[in-house]
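Hi everyone, thanks for coming.

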Amino acid sequence: MTIQFYLLIALVVFLMLIIISNIRVCPQSRSYIIERLGTYSATWTAGLHVKVPFIDRIANNVSLKEQVLDFPPQPVITKDNVTMKIDSVVYLQITDPKLFTYGVEKPLVAIETLSATTLRNIIGELDLDTTLTSRDVINTKMRSILDEATDPWGIKVNRVEVKNIMPPEAIREAMEKQMRAERERREKILIAEGQKQSDILVAEGKKQAAILAAEADKQSTILKAEAEKEARIRKAEGEAEAIRNVQKATAEGLKMIKDVDLDASTLKFKSLETMEKAADGQATKMIVPADFQNFAGIVSSLTEIAKASKA
């Protein structure tokens, strides 16, 4: 084996090493910016690529994933001259690796600076209270401004979020006192409302109790009146029944008198017996029948009746 053979083998190995070293595999969600002799040549996407040795070079390795940039707190001044610090978070994605590489020097630093200046401009148009309660407005305005400004850089700003708003210590203490006073005011209002509702419920209860008592008295009066009415009806019916019985007894007595066919003498005798019983009483006057002069006739009649009964 001669020296030429060894040199050939060394040359082949060298060429293979050069070729292998210039084979690149671009992973998913990444892009390679290729420059040829210092000039932009191509953008490699995911897959297998080979660059020309000593002529092509990878100028930039760009990630196409969405990135999160958390910027430090920025001092801002509100419309009513209150100085505070606000830190924001920017969600962005590189849509054009070529523009991202050649559009601006240090694009992420440029976005940070642009975000700080945009935030100062927006907060300068708002007062303290509006700033604390208008995060959505601030986020929307910042996203719109940053997205428009970074479009020539091949960057898409998807979202901007204000993470923290830190007012000065004196302002925080005043806000805490205000919130404490507001909570105490609400507590007193709730207690007063509760007492009011309690009084209303007690009054309603007393009202309902009075209504029920009145209804009970009314029902009791009605039942008592009904009972008295029923008692009067029963009493009247009893008296009517007694009158009917007396009339019936009188009628039966008259019928019996009629049936035994008593004569006038017997009736006069009964009248005398009645007068005798009346005389036994405490009466001081006595009424004598007008035909008392026929008393002798009555006596003789009674004697005959007695004889007849003995026979």
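Which residues in the largest nonpolar core touch the most other members? Before I answer, please keep in mind that this is a predicted model. The core has 28 residues, and the ones touching the most other members are Met84, Ile86, Val90, Ile111, Leu119, Ile138 and Met142. Strand S8 (83-94), helix H3 (107-123), helix H5 (135-150) and strand S9 (155-166) are the elements that each give two or more residues to this core. Take Ile86: leaving aside residues up to four places away in sequence, its contacts include Pro72, Leu119, Ile123 and Val162.

In soluble globular proteins, nonpolar side chains tend to be buried together. Here, though, we also have a nonpolar surface patch of about 1200 Å², with Leu8, Phe14, Ile23 and Val50 among its members. Helix H1 (3-21), strand S1 (23-26) and strand S4 (47-50) each give two or more residues to this patch, and H1 has the largest share, with eight. Val50 sits in S4 and counts as exposed because its relative accessibility is 54%.

On to charges: there are ten salt bridges. One of them pairs Arg57 with Glu35, 2.9 Å from N to O. Arg57 is in strand S5 and Glu35 in strand S2, so this pair ties together parts 22 residues apart in sequence. Glu35 is buried, at 9% relative accessibility, while Arg57 is partly exposed at 46%.

Finally, Arg234 and Glu230 form a salt bridge at 3.0 Å. Both belong to helix H6 (residues 169-260), four residues apart, which is about one turn of the helix. Happy to take questions!

Conventions
Residues are numbered from 1 along each chain as its sequence is written. This is a predicted model: local features need pLDDT of at least 70, side-chain atom pairs count only at pLDDT 80 or more; totals for chains, interfaces and linings use all residues. Side-chain values use heavy atoms; hydrogens and water are left out. Patches are made of residues with over 30% relative accessible area and no salt bridge: like charges are joined within 9 Å, nonpolar side chains (Val, Leu, Ile, Met, Phe, Trp, Tyr) within 5 Å. Accessible areas come from the Shrake-Rupley method with a 1.4 Å probe; for residues, only the protein chains shown count as cover. A salt bridge is a side-chain nitrogen of Lys or Arg within 4 Å of a carboxyl oxygen of Asp or Glu. Buried means under 20% relative accessible area, exposed over 50%, partly exposed in between (1.4 Å probe, protein chains only). A nonpolar core is a set of buried Ala, Val, Leu, Ile, Met, Phe, Trp, Tyr and Cys residues joined through side-chain atoms within 4.5 Å. Contact means heavy atoms within 4.5 Å.
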